[in-house]
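Here's a quick tour of a protein model, written for someone just getting started. Have a look at the sequence and the 3D view first, then read on.

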Amino acid sequence: TPTGHEPTRTPQSPHPAIVQPVEPWSCVYVTSIRHRRILAATAYDCVRFVVVRDGSIILTDADADADAGGSASVGDVVLVAPNVEFGYEPEGTVTVRQWQWIPILVEQLFWQHLDVLSDGEAARDLATHLYPDPVQVLRVGESQAERLGPILDELATLTGEDQSPRGYFRAYALLFTVLAAIAPLVRHAPV
């Protein structure tokens, strides 16, 4: 493909899925969506976070019935692993803030465990074993989600189409503020 990303098979689906690449120059990309239509299951080559700001959604994937994957509502963050097909059906009108983070999380894991990891591939393997759940619904709570709302709004502004190197460090500061709030809720396997 023009971006160098090849179609892959997702772990949950026996049929090929096109993995959507995130812009290569972007460390993080944030969008806000208010709609009533189904978001088709799509896989991306990065970690995705979907914050439900208003309404509720029924999680779906390419092989599940609409209600098989669970649901998320105001105050929930859905964490989706790279290359995993994920979609949802709104229950009425929903507002979500979605952000995608290029595989720099794996690089962070590598540098945190430099003494035991030989390379980036070993870090990817460790991430796969540490976080075996491809989709997690994190119950952040309405008050915490409300506090994070303006931070995500600023992050969306900084990561829009006019990304500039001047906003790089501010974007990372905002991103790590959000991650600090949700990281304690992420389920992981014992090491």
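Let's begin with a term we'll need: a polar contact is a pair of N or O atoms within 3.5 Å, and within protein one of them must be able to donate a hydrogen and the other to accept it. With that in hand, look at Arg53 and Asp153, whose side chains are joined by a polar contact of 2.9 Å. Keep in mind that this is a predicted model.

**The big picture**

- The protein has four helices and twelve strands.
- Out of its 191 residues, 40% are buried.
- Take the contacts between residues at least 6 apart in sequence: 77% of them join residues at least 24 apart.
- The accessible surface comes to about 10,500 Å², and carbon and sulfur atoms account for 55% of that.

- Arg53 sits in strand β6, which covers residues 47–54.
- Is Arg53 buried or partly exposed? Its relative accessibility is 30%, so it counts as partly exposed.
- Apart from residues up to four places away in sequence, Arg53 touches Val74, Thr95, Val96, Arg97, Gly149 and Asp153.
- Arg53 and Glu142 are 89 residues apart along the chain, yet their C-alpha atoms are separated by 8.7 Å.
- Arg97 belongs to strand β11 (residues 94–101), and because its relative accessible area is 7%, under the 20% cut-off, Arg97 is buried.
- Asp153 turns up here too: a polar contact of 2.2 Å joins its side chain to that of Arg97.
- Leaving out residues up to four places away in sequence, the residues that Arg97 touches include Val30, Phe49, Arg53, Leu152 and Ala156.

**The nonpolar cores**

- In soluble globular proteins, nonpolar side chains tend to be buried together.
- Which residues touch the most other members of the largest nonpolar core? They are Phe49, Val77, Trp99, Leu155 and Ile182, out of 23 residues in that core.
- At least two residues of this core come from each of β4 (28–35), β6, β9 (76–80), α3 (142–158) and α4 (168–182).
- The top contributor is α4, which gives seven residues to this core.
- There is also a second, separate core of 13 residues, and among them are Val50, Leu59, Val80 and Val84.
- Back to Val77: not counting residues up to four places away in sequence, its contacts include Phe49, Val50, Leu138 and Ile182.

**Helix α4**

- Buried residues in α4 are Ala171, Tyr172, Leu174, Leu175, Val178, Leu179, Ala181 and Ile182.

- Helix α2 runs over residues 120–130, and Ala123, Ala127 and Leu130 are buried in it.
- Why do these buried residues line one face of the helix? Seen down the axis of α2, they fall within an arc of 70°, so they line one face.
- Thr128 and His129, on the other side of α2, are exposed.
- The N-terminal end of α2 is capped by Asp119, which has a side-chain oxygen 3.2 Å from the backbone nitrogen of Glu121.

**Loops worth a look**

- Gly75 is in the loop between β8 (71–73) and β9.
- With 2% relative accessibility, Gly75 counts as buried.
- Though 24 residues apart along the chain, Gly75 and Val51 have C-alpha atoms separated by 7.4 Å.
- Beyond residues up to four places away in sequence, Gly75 touches Val52, Leu138, Arg139, Val140, Gly141, Glu142 and Ala145.
- The loop between β9 and β10 (86–90) holds Asn83, whose phi is near 65°, a positive value in a residue other than glycine.
- Asn83 counts as partly exposed, at 30% relative accessibility.
- Glu85 is also placed in the loop between β9 and β10, but Glu85 is buried, with a relative accessible area of 7%.
- Where does Glu85 lie relative to Ala41? The two are 44 residues apart in sequence, and 5.2 Å apart in space, C-alpha to C-alpha.

Definitions and conventions
Residues are numbered from 1 along each chain as its sequence is written. This is a predicted model: local features need pLDDT of at least 70, side-chain atom pairs count only at pLDDT 80 or more; totals for chains, interfaces and linings use all residues. Side-chain values use heavy atoms; hydrogens and water are left out. Buried means under 20% relative accessible area, exposed over 50%, partly exposed in between (1.4 Å probe, protein chains only). Contact means heavy atoms within 4.5 Å. A nonpolar core is a set of buried Ala, Val, Leu, Ile, Met, Phe, Trp, Tyr and Cys residues joined through side-chain atoms within 4.5 Å. The arc is that of the directions from the helix axis to the C-beta atoms. Accessible areas come from the Shrake-Rupley method with a 1.4 Å probe; for residues, only the protein chains shown count as cover.
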